[in-house]
Amino acid sequence: GHQPRAARLAPPMARAELLLKGKRLCALASGGVLITFAVLSLVGCFISFLWVTPIGWMIIISSIWYAAFGGLMIAMQLGYGAKLITANAGFLDSKYGRAMFYFFCGSMAGSSAGSHDAWLVAQIFAYINWGMCWFVGILELCGPKEKVANVLAQHMASQLPVEHVPAANALAQHVAPSF
């Protein structure tokens with residue numbers, strides 16, 4: 001038989017929700033890893049008295065950037081200071097800007113893994129962080145949109161026929177799945 005329209009919308013909505021949750025989890029974890037790397041780099045720099053050399057100052061400056069970008073990643077996912085963030089970093093308002101930000105953060109963290117001085121565990125975490133940042137960036141470009149998933153989730157929760165939810169009806173007819 002013929003499935004009702006709501007039944008056909010459920011699987012893509014579930015996949016969209018799963019991808020969005022995975023994206024959010026990866027972004028939060030990546031932000032935490034960047035902050036952790038920053039703190040460990042600063043501690044190591046000061047314990048080893050590397051801060052008295054030009055290389056030490058490069059490590060200190062890059063660690064400050066790691067911490068700032070990690071904090072920004074976490075704040076964006078938790079919704080803290082959204083207006084302040086987009087007012088001062090307007091490129092984060094678009095999916096392309098956010099994707100490029102995550103690609104940059106991932107590449108920045110991945111480049112630190114190429115250091116021969118880094119411990120093996122730190123290199124592994126840096127590569128995992130690189131992968132998570134790139135996963136988030138790719139989903140920002142090609143993955144499900146927050147609005148589509150939210151409207152479909154509201155529709156499924158209300159159990160109204162899709163014709164009675166104008167936004168979901170318009171989205172279901174005009175937005176091709178991006179999976």
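**Reading rings and charges in this model**

Modeller: Let's start with Trp134, which is partly exposed, at a relative accessible area of 29%. Do keep in mind that this is a predicted model.

Colleague: Happy to start there. Why does Trp130 count as partly exposed?

Modeller: The class runs between 20% and 50%. Trp130 has 38% relative accessibility, so it counts as partly exposed. Both tryptophans sit in helix H5 (residues 120–142), 4 residues apart, about one turn of the helix.

Colleague: How many aromatic pairs does the whole structure have, and how should I read one?

Modeller: In general, a pair of aromatic rings is described by the distance of the centres and the angle of the planes. Here, a search of the whole structure gives 6 aromatic pairs. Trp130 and Trp134 make a tilted one, with 5.9 Å centre to centre and 35 degrees between the planes.

Colleague: Why is the pair of Phe101 and Tyr102 called edge-to-face?

Modeller: Planes over 60 degrees apart count as edge-to-face. The planes of Phe101 and Tyr102 are at 70 degrees, with ring centres 5.5 Å apart, so this pair falls in that class. Phe101 and Tyr102 are both buried. They also belong to a cluster in which ring pairs link Trp65, Phe69, Phe101, Tyr102 and Phe104.

Colleague: Which residues form a nonpolar patch on the surface?

Modeller: That patch is made of Phe46, Phe49, Trp51, Val52 and Trp57, with about 550 Å² of accessible area together. Trp57 belongs to helix H2 (residues 54–78) and is partly exposed, with a relative accessible area of 47%.

Colleague: Now the charges. How many salt bridges does the structure hold?

Modeller: The general idea is that side chains of opposite charge can pair when their charged atoms come close. This structure holds 2 salt bridges. In one of them, Lys23 pairs with Glu140, and the closest N and O atoms are 3.1 Å apart. That pair links distant parts of the chain, with Lys23 in helix H1 (residues 5–47) and Glu140 in helix H5, 117 residues apart.

Colleague: Are Lys23 and Glu140 buried or exposed?

Modeller: Lys23 counts as buried, at 6% relative accessibility, and Glu140 counts as buried at 7%.

Colleague: What else does Glu140 form a salt bridge with?

Modeller: Its partner there is Arg98, with the closest N and O atoms 2.9 Å apart. Again distant parts of the chain are linked: Glu140 in helix H5 and Arg98 in helix H4, 42 residues apart. Arg98 is partly exposed, with a relative accessible area of 22%.

How values were computed
Residues are numbered from 1 along each chain as its sequence is written. This is a predicted model: local features need pLDDT of at least 70, side-chain atom pairs count only at pLDDT 80 or more; totals for chains, interfaces and linings use all residues. Side-chain values use heavy atoms; hydrogens and water are left out. Rings of Phe, Tyr and Trp (its six-membered ring) pair if their centres lie within 6.5 Å; planes under 30 degrees apart count as stacked, over 60 as edge-to-face and the rest as tilted. Buried means under 20% relative accessible area, exposed over 50%, partly exposed in between (1.4 Å probe, protein chains only). Helices (H or I, at least four residues) and strands (E, at least two) are DSSP runs, numbered from the N terminus. Patches are made of residues with over 30% relative accessible area and no salt bridge: like charges are joined within 9 Å, nonpolar side chains (Val, Leu, Ile, Met, Phe, Trp, Tyr) within 5 Å. Accessible areas come from the Shrake-Rupley method with a 1.4 Å probe; for residues, only the protein chains shown count as cover. A salt bridge is a side-chain nitrogen of Lys or Arg within 4 Å of a carboxyl oxygen of Asp or Glu.
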